[in-house]
Amino acid sequence: MISLNWGRPALAAFTLLISACSGPARHAETTPGTATDHLEVIAADGSVLARTAIPRQSGWCLYWNHSVTGDGVIDCYVDDLGRMVLHRTYQPDFAAGLGHYPGRGVLTSAKGGGYWIEDIDEPVPGNAYALRVGSLAVDHRIVTTEGDEIYLSKMAEHTRVTIRLDTGE
């Protein structure tokens, strides 16, 4: 028989032992560095045009040349534990369609000109968004932090594609 003095501590130790032996938590795969998701470019017909590995907590940027001014624009995303999040954007100026909205990130001057809007940290609904890919002059392209490059304008000029983070869930 377990005495009252040892009963509760023994029960707590037994419970911890059983918990430790039951394996990792169900969502352990969401811990940074333990999972790799995939960034996909999907055509209007549903076919996958490109797919590249994106380790969690890393990211990619979408680069393009503004269709009016021709200046380079950059939108940078991060895989935040399985969620596609717009983290920051670079804009050379506030040309047509560009600009900063108060309360949406922090506007800073970029070295060499232009502006970064930092800390936007806006989740993308459904981990996907549609993009009308521009001409070769617009040069839509994705560059990952791992160094992979996907040349959207070369593969899908003037078409609608979906950029999607596939977490396998």
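**Group meeting: a walk through the predicted model**

Residues are numbered from 1 along each chain as its sequence is written, and side-chain values use heavy atoms, with hydrogens and water left out.

Back to Asp37. Where does Asp37 lie? Asp37 sits in strand β1; helices (H or I, at least four residues) and strands (E, at least two) are DSSP runs here, numbered from the N terminus. Asp37 counts as buried, at 1% relative accessibility. The cut-offs are under 20% relative accessible area for buried, over 50% for exposed, and partly exposed in between, using a 1.4 Å probe and protein chains only.

So who is around Asp37? Contact means heavy atoms within 4.5 Å. Leaving aside neighbours within four places in sequence, Asp37 is in contact with Thr52, Ala53, Ile54, Arg56, Asp79, Gly82, Leu165, Asp166 and Thr167. Take Gly82 from that list: Asp37 and Gly82 are 45 residues apart in sequence, yet 7.1 Å apart in space, C-alpha to C-alpha.

Now the sheet that β1 belongs to. In what order do the strands of this open sheet come? The order is β2-β1-β12-β9, so 4 strands, with antiparallel pairing, where two strands pair if DSSP finds at least two bridges between them. At the edges are β2 (48–55) and β9 (128–132), each pairing on one side only. From one strand to the next, the twist averages 20°; for the angles, axes are lines fitted to C-alpha atoms, for helices over the stretch in contact, and angles run from 0 to 180 degrees between N-to-C directions.

Zoom in on the β1 and β12 pair. Strand β1 (residues 36–43) and strand β12 (residues 160–166) run antiparallel and are joined by 6 bridges. If you want one to click on, Ala43 has Val161 as its bridge partner in β12.

Arg164 and Glu40 meet through their side chains in a salt bridge at 2.7 Å, N to O. That links distant parts of the chain, with Arg164 in strand β12 and Glu40 in strand β1, 124 residues apart. The rule is a side-chain nitrogen of Lys or Arg within 4 Å of a carboxyl oxygen of Asp or Glu, and by that rule we count 9 salt bridges. Buried or exposed, which is Glu40? Glu40 is buried, with a relative accessible area of 5%, whereas Arg164 is partly exposed at 30%.

Two others to look at. Glu118 and Arg88 meet in a salt bridge at 2.9 Å, N to O. Glu118 is in strand β7 (residues 115–118) and Arg88 in strand β5 (residues 84–91), 30 residues apart. Then Arg141 and Asp139 meet in a salt bridge at 3.2 Å, N to O. Arg141 is buried at 19% relative accessible area, while Asp139 is partly exposed at 21%. And there's a network: salt bridges that share partners join Glu40, Arg51, Arg164 and Asp166.

Next, cysteines. How many disulfides does a search of the whole structure find? The search turns up 1, taking a disulfide as a pair of cysteine sulfur atoms within 2.5 Å. Cys61 and Cys76 form the disulfide, with their sulfur atoms 2.1 Å apart. Cys61 is in strand β3 (residues 59–65) and Cys76 in strand β4 (residues 72–79), 15 residues apart. The torsion about the S-S bond is about 105°, so this disulfide is right-handed. Cys61 is buried at 15% relative accessible area, and Cys76 is buried too, at 7%.

Most residues other than glycine have a negative phi. Gln57, in the loop between β2 and β3, has a positive phi of about 75°. His158, in the loop between α2 (152–156) and β12, has a positive phi of about 60°. Gln57 is partly exposed at 39% relative accessible area, and His158 is partly exposed at 48%.

How values were computed:
This is a predicted model: local features need pLDDT of at least 70, side-chain atom pairs count only at pLDDT 80 or more; totals for chains, interfaces and linings use all residues.
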